[in-house]
Amino acid sequence: METKTILIKDITILNPDLGNVKEFQGSVLIENDKIAKIGNNINESVDKVIDGKGKILMPGLVNTHNHISMNLFRGLADDLELNTWLNDHIWPMESHLNSNYCYIGALLAAVEMIKSGTTTFNDMYFYMGSVAQAIDKAGIRGVLSYGMIDFGDEEKREHEFKENIDLIKDFNNSANGRITCRFGPHSPVTCSKELLERVREEANKYNVGIHIHMNETQKEIKDVVDSTGMRPFEYLNSLNFLSSDVLAAHCVWLSDNEIDILKQKDVQVSHNPCSNMKLASGIAPVSKLLNKGVNVSIGTDGVASNNNLDLFEEMKFASLLQKVNDLNPEVLPSNQVFNMATINGAKALSLDKDIGSIEVGKKADLILLDKKSINMTPDSKISSSNLVYSANGSDVLTTICNGQILMEDKKILCLNEDKVKSLANEAILEMKNL
Ligand SMILES: C[C@H]1O[C@@H](n2cnc3c(O)ncnc32)[C@H](O)[C@@H]1O
Ligand SMILES: [Zn+2]
């Protein structure tokens, strides 16, 4: 196979580096799907040169909790708390889903992620085969799980395992390695003990991770305590469920003992500040978790509770929310939040040997931003400060995933954006009339 090469020339590079964001001026050579060289004197003749002057290069962002097909439900049910939102609005609407709607919703989300600089996302939803097809086409990186819910019903449980195992068999490590799969037990409230125990067994058997909602609301904690006598993480610990391959979304309400369990078992946390604020679920103790050495990453959750997939916004909210919660402006400084949305996200998904930073040998998942946009001016301080506090997704000019340019100078190359928008508008109209 012929080598495809891209040289990103003379650009300001921002890299996470163990709590310190490293900034330097240089060029990056991409060979096929990987970063081949980083330096100042790269003289290879290449297939394509991208002029980096006036631009910033950083790793593609990693969104560690999402339900991407829910992009169809943007604005469907605002200003509600989680239970009413799910029971009275979202689940009734989801009963009308089919593979075509989930495919269109996934395409819509893919366009939004590419435009706002996300190259990897972690998903849990339904009709995941069609989500995998959409992601294969869109060119981004996805970690996919089926949202398993049994409410103690044995027949439903068998169905959920078949769905998730079929997804793993059909799509794990597909699309040139861009798609990997996990198990997706929805939460300890909606999943029985039998389901959770078997998920751990099957995850070990198939050597895949687990994606689960945890400790999102006070009601959920009370429900688990009432039925098991234990708090949610104590309960999962008693089932030997917890390990470093578990990605726990939300983790808003945590006792000190649960934080110790998270640390001991190396559970990976996805912090979702916008969704937690919008559903008025609460404020996750992120600074405390980070101080204890727990790996905390960032997710948007689905668009129906956010209402967008802009991880630049999410980084800013994560930082500001923690500052006001702790009444301490020094917590979650911009370099730490930058790490959370890049290298911590990669680690949370067990992908840190491949993505999350700009290093030779890693996959070329990269984004370029406009240094000259009005909200980044003056540009003397190009640092994580500008990216976390001043930028937003619309400052992204170019998005590259697995060495493939998916958007260049704001033009999406891999999908027809107008077509995707009109399909999405038609789909949600149809669903509302069902
Ligand atoms: C996969 C299922 O999960 C539902 N969902 C989406 N967001 C949340 C959330 O924040 N907490 C709990 N459940 C959520 C989604 O609608 C699917 O039914
Ligand atoms: Zn969620």
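This is a predicted model: local features need pLDDT of at least 70, side-chain atom pairs count only at pLDDT 80 or more; totals for chains, interfaces and linings use all residues.
The domain assignment divides the chain into domain 1, made of residues 5-59 together with 356-410, and domain 2, which covers residues 61-348. Taken over C-alpha atoms, the centres of domain 1 and domain 2 are separated by 28 Å. The contact draws on 25 residues from domain 1 and 29 residues from domain 2.

On the side of domain 1 that touches domain 2, at least two residues each are supplied by β2 (20-31), α14 (384-390), β15 (396-401) and β16 (404-408). The greatest contribution to that side is made by α14, with five residues. By class, the residues of the side of domain 1 that touches domain 2 comprise twelve nonpolar, eleven polar and two charged.

Strand β1 (residues 5-17) runs parallel to β5 and is joined to it by two bridges, with I13 having L57 of β5 as its bridge partner. Strand β14 (residues 366-370), by contrast, runs antiparallel to β5 and is joined to it by five bridges; here I56 has L369 of β14 as its bridge partner.

From β14 the pairing continues to β15, in the antiparallel sense and over four bridges, and L368 stands opposite T398 in β15. Strand β15 is mostly covered, since six of its six residues are buried. Three bridges then join β15 to β16, and these two strands run antiparallel, with Q404 in β16 as the bridge partner of C401. The strands β15 and β16 form a hairpin that has two residues between them, and N402 in the turn has a positive phi of about 55°.

An open sheet of eight strands with parallel pairing has the order β6-β7-β8-β9-β10-β11-β12-β13. Its edges are formed by β6 (61-66) and β13 (296-298), and because each has a single partner strand, one side of each is left without a neighbour in the sheet. From one strand to the next, the twist averages 25°.

Within this sheet, strand β8 (residues 141-148) and strand β9 (residues 179-185) run parallel and are joined by seven bridges, and S145 stands opposite R182 in β9. Helix α4 (residues 154-171) lies across β8 and β9 and runs at about 160° to β8. Helix α11 (residues 311-326) also packs on the sheet, where it touches β6, β7 (118-125), β12 (268-271) and β13, and its direction makes about 135° with that of β13.

Helix α4 contains E158, a residue that counts as exposed because 11 other C-beta atoms lie within 10 Å, where 12 or fewer is the limit for that class. Although E158 and L195 are 37 residues apart in sequence, they are 9.1 Å apart in space, C-alpha to C-alpha.

## Surroundings of the ligand

## Backbone features worth checking

Two cis peptide bonds can be described in the model. One runs from N306 to N307, with omega near 15°, and N307 has its place in the loop between β13 and α11. The other joins T377 and P378, with omega about 5°, and P378 lies in the loop between β14 and α14.

Positive phi values also occur at residues that are not glycine, including H250, with a phi of about 90°, and A280, with a phi near 50°. H250 is found in strand β11 (residues 246-250) and counts as buried, because it has 28 C-beta neighbours inside 10 Å. A280 lies in the loop between α9 (273-278) and α10 (286-291) and counts as exposed, because it has 11 C-beta neighbours inside 10 Å.

Terms used
Residues are numbered from 1 along each chain as its sequence is written. Chains are lettered from A and ligands numbered from 1 in the order in which they are written. Domain bounds come from an automatic or database domain assignment. Two residues are in contact if their C-beta atoms, placed from the backbone, lie within 7 Å. Ala, Val, Leu, Ile, Met, Phe, Trp, Tyr, Cys and Pro count as nonpolar, Asp, Glu, Lys and Arg as charged, and the others, Gly among them, as polar. Two strands pair if DSSP finds at least two bridges between them. Axes are lines fitted to C-alpha atoms, for helices over the stretch in contact, and angles run from 0 to 180 degrees between N-to-C directions. A residue is buried if 20 or more other C-beta atoms lie within 10 Å of its own, exposed if 12 or fewer, and partly exposed in between; C-beta atoms are placed from the backbone.
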